[in-house]
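Biologist: I have the model open beside the sequence and would like to talk through a few places in it. Could we go through them one at a time?

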Amino acid sequence: MAISRAQLLKELLPGLNALFGLEYAKYGEEHKEIFETETSERSFEEETKLSGFSAAPVKNEGQAIAYDNAQEAWTARYQHETIALGFSVTEEAIEDNLYDSLSARYTKGLARAMAYTKQVKAATILNTAFSGGPTYGDGKVLCATDHPLVSGGTNSNTGGAADLNETSLEAAVIQIAGWTDERGLLIAAKPKKLVIPPALMFVATRLLETELRVSTNNNDINALKNNGSIPGGYCVNHSFGASDPLGIFGASGSS
């Protein structure tokens, strides 16, 4: 359906002082703070996780060397989507409009709508990471307590629902330090950045940028800041609406 004169009645008559509503400031490309961007010329992409070797056992004198097998663990497929939106304007609406160029004005609005959609699509990965979201190569959602391992055990990359505070954030940092690979070998994972919704930005500032401990009567140092536990600090994602940000987002060496 084309935009016609019926939707632009005020713009067909003299005396209109201003047009507004399409030039609001917008947030930047916040997804770049969280995700790496890659290009593709295929309809889908696949990534396969490999399983290495377990810890080496002791070989007694005269005994044979123990051998171990490496293998593929699982494969994740990422199906591409096409996002499209457009508009059309009737010839009469263009000819009879007394003010700005319709095409230029609404092209800016269209660009804003597309940019917004991109951020929402990216944040959906965070908003559905704990439940209700897609499952990945191991058959689990992104953040789960029971990611299966080739060795037969499980890995957890979520501490469960918890308010963002000093205790829960320290627990998350400690948990990340204990992550292992498919065969139980430590992977030296470290947090990179804390991703939070707008509702928690002031809490994050107090936790990561103050010199002393938060909400205590003790004159202790802020261990999170002093140790550089979250070297990338925090970033606010305005499309991230989850109340539990203590997942794996921004951790390096994760499984």
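Modeller: Let us start with Ile187, which sits in the loop between H3 and S5; please keep in mind throughout that this is a predicted model.

Biologist: What is the relative accessibility of Ile187, and how does it count?

Modeller: Ile187 counts as partly exposed because its relative accessibility is 22%, and the buried class is kept for values under 20%.

Biologist: And how far is Ile187 from Phe35, in sequence and in space?

Modeller: Along the chain, 152 residues separate Ile187 and Phe35, while their C-alpha atoms are 21 Å apart in space.

Biologist: What about Ala188, where is that one found?

Modeller: Ala188 is also in the loop between H3 and S5, and with a relative accessibility of 60% Ala188 counts as exposed, since the exposed class begins over 50%.

Biologist: What is the phi of Ala188?

Modeller: The phi of Ala188 is positive, at about 55°, although the residue is not a glycine.

Biologist: Which residues does the side chain of Glu182 pair with, then?

Modeller: There is a polar contact of 3.1 Å between the side chains of Glu182 and Lys49, and the side chain of Glu182 also reaches the backbone nitrogen of Val150 at 2.7 Å.

Biologist: Which residues does Glu182 touch, leaving out those up to four places away in sequence?

Modeller: With those sequence neighbours left out, Glu182 touches Lys49, Leu50 and Ser51, then Ala73 and Trp74, and finally Pro148, Leu149, Val150 and Ser151.

Biologist: Let's move to H3. How does the span of helix H3 agree with its number of residues?

Modeller: Helix H3 covers residues 166-177, and its twelve residues should span 16 Å at 1.5 Å a residue; the C-alpha atoms at its ends are 17 Å apart, so the two values agree.

Biologist: What caps the N-terminal end of H3, and which of its residues are buried?

Modeller: The cap is Asn165, which has a side-chain oxygen 3.2 Å from the backbone nitrogen of Thr167. Within the helix, the buried residues are Glu166, Ser168, Leu169, Ala172, Val173 and Ile176.

Biologist: Does Val173 turn up anywhere else, or what touches it?

Modeller: Val173 is one of the residues that Ser229 touches, together with Pro191, Ala223 and Leu224, when residues up to four places away in sequence are not counted. Ser229 itself is in the loop between helix H5 (223-226) and strand S7 (234-236), and Ser229 counts as buried because its relative accessibility is 15%.

Biologist: Switching to H2, what span should that helix have, and which of its residues are buried?

Modeller: The 26 residues of H2, residues 102-127, should span 38 Å at 1.5 Å a residue, and the end C-alpha atoms are 36 Å apart, so the span agrees. Its buried residues are Leu102, Arg105, Gly109, Leu110, Gln119, Ala122, Ala123 and Leu126, and what covers them includes helix H1 (91-96) and strand S6 (194-196).

Biologist: What lines the second largest pocket?

Modeller: Gln119, one of the buried residues of H2, is part of that lining, along with Arg112, Ala113, Ala115 and Tyr116, and the rest are Ala25, Lys26, Tyr27, Gly28, Glu30, His238 and Ser239. The pocket has a volume of about 220 Å³, and its lining residues divide into five nonpolar, four polar and three charged.

Biologist: One more: where is Asn219, and how far is it from His31?

Modeller: Asn219 is in the loop between helix H4 (201-209) and H5, and its relative accessible area of 64% makes it exposed. Asn219 and His31 are 188 residues apart in sequence, and their C-alpha atoms are 38 Å apart in space.

Conventions. Residues numbered from 1 in each chain as written. Predicted model: local features only at pLDDT ≥ 70, side-chain atom pairs only at ≥ 80, totals over all residues. Heavy atoms only, no water. Helix = DSSP H or I, 4+ residues; strand = E, 2+ residues; numbered from the N terminus. Expected span 1.5 Å × (residues − 1). Buried < 20%, exposed > 50% of the residue type's maximum accessible area, 1.4 Å probe, protein only. Polar contact = N/O pair within 3.5 Å; in protein donor to acceptor, adjacent residues only side chain to side chain. Contact = heavy atoms within 4.5 Å. 1 Å grid on protein atoms, 1.4 Å probe; cavity = no way out; pocket = protein on both sides within 12 Å on 5 of 7 lines; lining within 4 Å. Points joined across faces, edges and corners; volume = space filled by probe spheres on them. Nonpolar A, V, L, I, M, F, W, Y, C, P; charged D, E, K, R; others polar.
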